Each structure stands twice: as structure tokens, then as C-alpha cells.
Amino acid sequence: MSAELEAKMEKAVEATHREFARLRTGQASPAILNDVKVDYYGTSTPISQVATVKCPESRMILVSPWEKQLIDPICKAILASNLGLNPSKEGDSIRVAMPILTTERRQELAKMAKKHAEDGRTAIRNLRREANDAIKKNKELPEDQSKKEVESVQKTTDKYIGLIDAALAEKESDILKV
């Protein structure tokens, strides 16, 4: 039971980390473009599957399409993504400069990070509740064993909520750092 519970909680933490990666800080990160999809022969495809995305500088993303005819569709997809990014064509690649964030935008991003963290905590608490319900429904467990199981579930819950809180603190410091 606990190995399965830990695996599910680990997935909740990973999902929270993925949401944090999508939040734009002052630094460039290829993960910012993870959700941007480009029309590739009639199929909506993530940019990472049709191009190499890397960060040669701290505030620059370089997208190198594997096929030259994808440059324009990738530029359009980045513009349409509502990330506030402005791509520019440069030879066989696309440069995306990361604009400097305003104080208001940084605070807005910090609020979004807190919301993603709370969503992760809620997912973990729901897993705790499900595990505790399963323990209580098992009438074959002696009462003292049942209490030990519930305490174990709580310790696991505290561990994973702590991981989310640490990730949130790190992301907030990245976002609010000028």
C-alpha cells in the first residue's frame, strides 16, 4: 500500500514541477515552450518534437527546426501561445528573447506558482484521504496496526507536501529575483 501511495504522491510532485517549469521567470528555459504546438503535416505537434530547443544565453531561447519550412509555423505558434514572447527568424533558426518582467507580472507569476503548489498539495491530501479510507474499511486489521498505518500515511503525506513547499519557495525566489 505505501509503495503505491508514494508512487502516486511522487507523480503529484512531478506534475507540480512541470507546472512550475511552464511559469516564465527572468531566465530562459526550453520548458517554457513545452505546451506550444505547431501544425506539422496536419497534426498538432509539440515544438520539441519538430525542432531543437536550447538556451544559448540566460535570456534567449534558440529554436532550430529540423525542416526549414517549419520556421514560419513555429513563429506563428509561439506568437499565438499568449506567453508574451516575440520570436524572430534568423537564418535556419528562430531566436526568442525573454522580455524583462515587470514587478506586477512577477507578483502575478508568484501567485500562479502558489496556486499550482496548492493544487499539488490538494492532490496529495486527496491521496491521503483515499489511503486512510482504505485502511478504515479493512476490518481484518487490528486497531493498533490500523493506527500505525494511518500514522505512516501521514508521515508520507508530510514528506511530499514538504517537497512541494520547497519547490514553491525555490520558484518564488526565481520569479521575484530581479
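Predicted model: local features only at pLDDT ≥ 70, side-chain atom pairs only at ≥ 80, totals over all residues.
Let's begin with the hairpin. Strand 1 covers residues 37–40 and strand 2 covers residues 43–46, and the two pair in the antiparallel sense over four bridges. If you want a place to look, find Val-38, which stands opposite Thr-45 in strand 2. Two residues lie between the strands, and in that turn Tyr-41 has a positive phi of about 55°.

Stay with Tyr-41 for a moment. The count of aromatic pairs comes to one. The partners are Tyr-40 and Tyr-41, with ring centres 4.7 Å apart and planes at 70°, so this pair is edge-to-face; the cut-off for that label is over 60 degrees. How exposed are these two tyrosines? Tyr-40 is partly exposed, at a relative accessible area of 25%, while Tyr-41 is exposed, at 62%.

Now over to the helices. Helix 1, residues 2–22, packs with helix 3, residues 103–137, at an angle of about 170°, and their axes are 9 Å apart. That angle makes helix 1 roughly antiparallel to helix 3.

Which residues in helix 1 and helix 3 meet? On the helix 1 side they include Leu-5, Met-9, Val-13 and Phe-20. On the helix 3 side, Ala-113, Ala-117, Ile-124 and Leu-127 are among them. The residues of this contact divide into eleven nonpolar, three polar and three charged. Lys-8 and Glu-19 in helix 1 also take part, as does Arg-128 in helix 3.

Notes. Residues numbered from 1 in each chain as written. Heavy atoms only, no water. Pairing = 2+ DSSP bridges. Phe/Tyr/Trp six-rings, centres within 6.5 Å; stacked < 30°, edge-to-face > 60°. Buried < 20%, exposed > 50% of the residue type's maximum accessible area, 1.4 Å probe, protein only. Axes fitted to C-alpha atoms, helices over the stretch in contact; angles between N-to-C directions. Parallel < 35°, antiparallel > 145°, perpendicular 65-115°, else oblique. Contact = heavy atoms within 4.5 Å. Nonpolar A, V, L, I, M, F, W, Y, C, P; charged D, E, K, R; others polar.
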